[in-house]
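Me: I would like to go through this model and ask what stands behind each label used for it. Please set each value against its definition.

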Amino acid sequence: MRVLSGIQPSGSLHLGNYFGMMKKMVDYQEHHELFCFIANYHAMTSVTDGKALAKGTLEAAANFLALGLDPEKSVFWVQSDVPEVQELTWALSNFTPMGLLERCHSYKDKVAKGIAPNHGLFAYPVLMAADILLFGGELVPVGKDQKQHLEVARDIAIKFNNQYGDVMVIPEPDIDDELATIPGLDGQKMSKSYKNTIDLFLDDKALRKQVMRIVTDPTPVEDPKNPDTCNVFQIYRLFLDKQQEQALRQRYLAGGLGYGEVKQELFETVRDFFAPYTRRREELLADKEQLRKILAEGAQKARYAASKILRKVRKKTGLVY
Ligand code: AQP
């Protein structure tokens, strides 16, 4: 099975990115054909500082590698190193009804927040469709926030195939119910735009500060508490196995557990969990030439895979004359 997904290099990573998508990708590489990329073209819709984008791209690569992505077992590249994706985007644009894009929640939410809409933001899902279809991605691990974009990709692929035969593989979203939406400090979806994240690779002081900001209710320490409505519990459980989760649940129900105490435990758990990855990330970022080499090799493999599908597209659409 060919598994494919990407991540934008548009700032720091948070637990939502990690549990919603990155951890699953790393797990998949053991038994599947994994395609993973840094979506720097996509990030251009929000990052307009060129230096920041370039720096963020190398950092995003180091992040994924530090978290366990193995470039020997997977195809790992930077989106713009395979510019063929833009050619496919154009071909697919001609099979994308305007209404399909106008209905996209992500676009509508951003416009509602006051972001001046431009064509890049509007056409974002077509580029995402091209990312997947260019490599014949069969399964796409994403958080629930990307579900609609996946449906758009499927619709476009079906329309293209209706016209030109079975060229595109129709992708399936891979959304784990338990991890579909990782909640943030306030219980809403964890998201950079909501400023409610717990970030990866922070120093202890900054991490502790974020964890202590988790919103809790005013139940007194001695009273029993409801784990299912507690934001601390909902984040903590991501790090626990079933038995440990049950034990924590019992402590909530028994009363006598203060939110300060459980937040301190969560802070230590997150810190210890990511400590080895943080060290590995620093080592990777210390040798940028080596990082660029890994990405160049990945781009070569990705371009080879892309050329197979693009050749068919060019022929079918009449670009080969
Ligand atoms: N809270 C979340 N729960 C589950 N999955 C999530 N993802 C993001 N937030 C959650 C998944 O992470 C992957 C990378 O997505 P991205 O590069 O688009 O990350 P993002 O959108 O930048 O994350 P934010 O914080 O939500 O950014 P803004 O606020 O800028 O939109 C995707 O698979 C995504 O589903």
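**Ligand, strands, helix and domains**

Reply: Of the 18 residues around the ligand, those that come nearest are Gly16, Gly20, Gly143, Ile182 and Ser193. The model is predicted, so local features need pLDDT of at least 70 and side-chain atom pairs count only at pLDDT 80 or more, while totals for chains, interfaces and linings use all residues. Residues are numbered from 1 along each chain as its sequence is written.

Me: How do the residues of the shell around the ligand divide by class?

Reply: Into five nonpolar, 10 polar and three charged. Ala, Val, Leu, Ile, Met, Phe, Trp, Tyr, Cys and Pro count as nonpolar, Asp, Glu, Lys and Arg as charged, and the others, Gly among them, as polar.

Me: Why is strand β3 called largely enclosed?

Reply: Five of the five residues of β3 (residues 74-78) are buried, so the strand is largely enclosed by the rest of the structure. Buried needs 20 or more other C-beta atoms within 10 Å of the residue's own (12 or fewer is exposed, in between is partly exposed; C-beta atoms are placed from the backbone). Ser74, Phe76 and Val78 point one way from β3, and Val75 and Trp77 the other way.

Me: Which residues of helix α4 are buried?

Reply: In α4 (residues 84-93) they are Val85, Leu88, Thr89, Ala91 and Leu92. Because they cover an arc of only 165° around the axis, they are on the same side of α4; the arc is that of the directions from the helix axis to the C-beta atoms. They pack against α7 (119-133), α8 (147-164) and α13 (288-317).

Me: How many residues of each domain are in contact?

Reply: Six of domain 1 with five of domain 2, contact being C-beta atoms, placed from the backbone, within 7 Å. On the domain 1 side, α3 supplies the largest share, three residues.

How values were computed
Helices (H or I, at least four residues) and strands (E, at least two) are DSSP runs, numbered from the N terminus. Two residues are in contact if their C-beta atoms, placed from the backbone, lie within 7 Å. A residue is near a molecule or strand if its C-beta atom, placed from the backbone, lies within 6 Å of it.
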